[in-house]
Amino acid sequence: SLSIGIVGLPNVGKSTLFNALTKSGNALAANYPFATIDPNVGVVGVPDPRLNTLGELFGSARILPAKLEFVDIAGLVRGASEGQGRGNRFLANIRETDAICQVIRVFSDPDVTHVDGEVSPRRDIETINTELILADLQTLEKVLPRLTKEAKQNKDAKATLEAVEAANKVLDAGTTLYASGLDLAPLRDLHLLTAKPFLYVFNLDADELTDDDLRARMAALVAPAEAVFLDAKIESELVELPDDEALELLQSVGQEESGLTQLARIGFETLGLQTYLTAGPKESRAWTIRKGATAPEAAGVIHTDFQRGFIKAEVVSFDDLVAAGSMASARSAGKARIEGKEYVMRDGDVVEFRFNV
Ligand code: GDP
């Protein structure tokens, strides 16, 4: 499944945030049969109020939200691309993730030292981006001699070479590939770090959470990438509290939604994901697919056999189903459609698959 790697300089609150993710994931895992718990992976549920509505409509015994995985990638320090710290291991771990979430320190606690002496979000972002950019430049440098040779005989290699040269220029100028607007398709096989989608978590002091000026300045540092604002310490407290007390704590710092919830939602968008829904007396559940996935691909998320044996899908939009009040009424109102192999799923489709096994 898709995952987001969490990176950041030391002492910015990564472990604090990651522990909160893990705690929230463990609570979630209790609902998922066969969930494995990997110490480096934290899981958050993507909140979806539609699931509660379906749960009521179908009398579901449980509600299972879509999940998003975060991987703790320790070891980013200045010089990581030169092998400092856990250098190469760090880069290998980050290569396996589908998006990069940078945690940036904004909180100013005199008891927590900053590796560079003072808190500066802008400089930290530059430090991290520089390491990732240098790592990508090394990757390109390695493939250039072979590509240059191949490009003399082979048209495809020539196109790749041109893309690599363009990427080299962008990286040399200190820009990440994701932000550059280059066509990254010819570079896909190189698994370049800065070609992954980025998102940013700004770790604030509690009283900064409501500081709109500060938030706007931070958001501007990373635009067009998305920014999430949270207080990692508060997040780690929230996951320990029962729902009503958690809500009280959130409201006391002027928030309606936990940072983890925002992170899950924005992470989902950054990865280009959407959900479809299944509902019944056993469970109402959201399943994760890429935008543009077809009905058989969506079925494959439940079980690979469902994709292989796919016959058709009965689909009703969430809104139509709720308006009709039941699956039977939706059918008799002609709102339930039978869709075949070519059908491209829409967000909020409620689906029943028919398949051969
Ligand atoms: P990491 O090195 O990035 O994993 O950072 P840690 O999560 O270990 O945090 C380093 C120190 O900063 C710890 O003492 C945390 O308790 C503290 N810390 C983390 N987040 C916050 C925060 O939002 N506010 C404050 N005041 N301290 C924090």
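**The ligand site in its setting**

Mentor: Start with the whole chain. Of the 357 residues in the protein chain, 34% are buried. Keep in mind that this is a predicted model. The chain has 14 helices and 12 strands. Its radius of gyration is 23 Å, close to the 21 Å that the globule rule gives for 357 residues, so the chain is as compact as a globular protein of that length. Along the principal axes, the C-alpha atoms fill a box of roughly 65 × 65 × 35 Å. Now take the contacts between residues at least 6 apart in sequence: 67% of them join residues at least 24 apart.

Now go to the ligand. There are 16 residues around it, and Gly13, Lys14, Ser15, Thr16 and Asp109 come nearest. By type, the shell holds 5 nonpolar, 6 polar and 5 charged residues. Two helices each supply at least two shell residues: helix 1 (14–29) and helix 8 (232–238). Helix 1 gives the largest share, 3 residues.

Compare that with the record. The unreviewed UniProt entry has a "binding site" annotation covering Asn11, Val12, Gly13, Lys14, Ser15 and Thr16. Let us walk along part of that stretch.

Asparagine 11 lies in the loop between strand 1 and helix 1. Its phi is positive, about 65°, although it is not a glycine. It has 13 C-beta neighbours inside 10 Å, so it counts as partly exposed.

Valine 12 is found in the loop between strand 1 (3–7) and helix 1. It has 28 other C-beta atoms within 10 Å, so it is buried; the cut-off for that is 20 or more. Not counting residues up to four places away in sequence, valine 12 touches Val103, Ile104, Arg105 and Asn203.

Threonine 16 lies in helix 1. With 17 C-beta neighbours inside 10 Å, it counts as partly exposed. Its contacts, again leaving out residues up to four places away, are Ala232, Lys233 and Ser236.

In soluble globular proteins, nonpolar side chains tend to be buried together. The largest nonpolar core here has 54 residues, and Ile6, Cys101, Tyr200, Val201 and Phe202 touch the most other members. Strand 6 (residues 198–203) gives the most to this core, with 5 residues. Asn203, one of the contacts of valine 12, falls within the span of strand 6. Look at cysteine 101 too. Beyond its neighbours within four places in sequence, it is in contact with Ile4, Gly5, Ile6, Phe70, Leu199 and Val201. Another core lies apart from the largest one; it has 25 residues, among them Phe306, Ala313, Val315 and Phe353.

Two backbone details remain. Histidine 191 lies in the loop between helix 6 (177–180) and strand 6. Its phi is near 50°, a positive value in a residue other than glycine. With 13 C-beta neighbours inside 10 Å, histidine 191 counts as partly exposed. The other detail is a cis peptide bond, from alanine 223 to proline 224, with omega near 10°. Proline 224 is found in the loop between helix 7 (212–222) and strand 7 (226–230).

Definitions and conventions:
Residues are numbered from 1 along each chain as its sequence is written. This is a predicted model: local features need pLDDT of at least 70, side-chain atom pairs count only at pLDDT 80 or more; totals for chains, interfaces and linings use all residues. A nonpolar core is a set of buried Ala, Val, Leu, Ile, Met, Phe, Trp, Tyr and Cys residues joined through C-beta atoms within 7 Å. A residue is buried if 20 or more other C-beta atoms lie within 10 Å of its own, exposed if 12 or fewer, and partly exposed in between; C-beta atoms are placed from the backbone. Helices (H or I, at least four residues) and strands (E, at least two) are DSSP runs, numbered from the N terminus. Two residues are in contact if their C-beta atoms, placed from the backbone, lie within 7 Å. A residue is near a molecule or strand if its C-beta atom, placed from the backbone, lies within 6 Å of it. Ala, Val, Leu, Ile, Met, Phe, Trp, Tyr, Cys and Pro count as nonpolar, Asp, Glu, Lys and Arg as charged, and the others, Gly among them, as polar. The radius of gyration is taken over C-alpha atoms; the globule rule is 2.2 Å times the number of residues to the power 0.38. UniProt positions are given in the numbering used here, feature names are shortened, and annotations may be inferred rather than shown by experiment.
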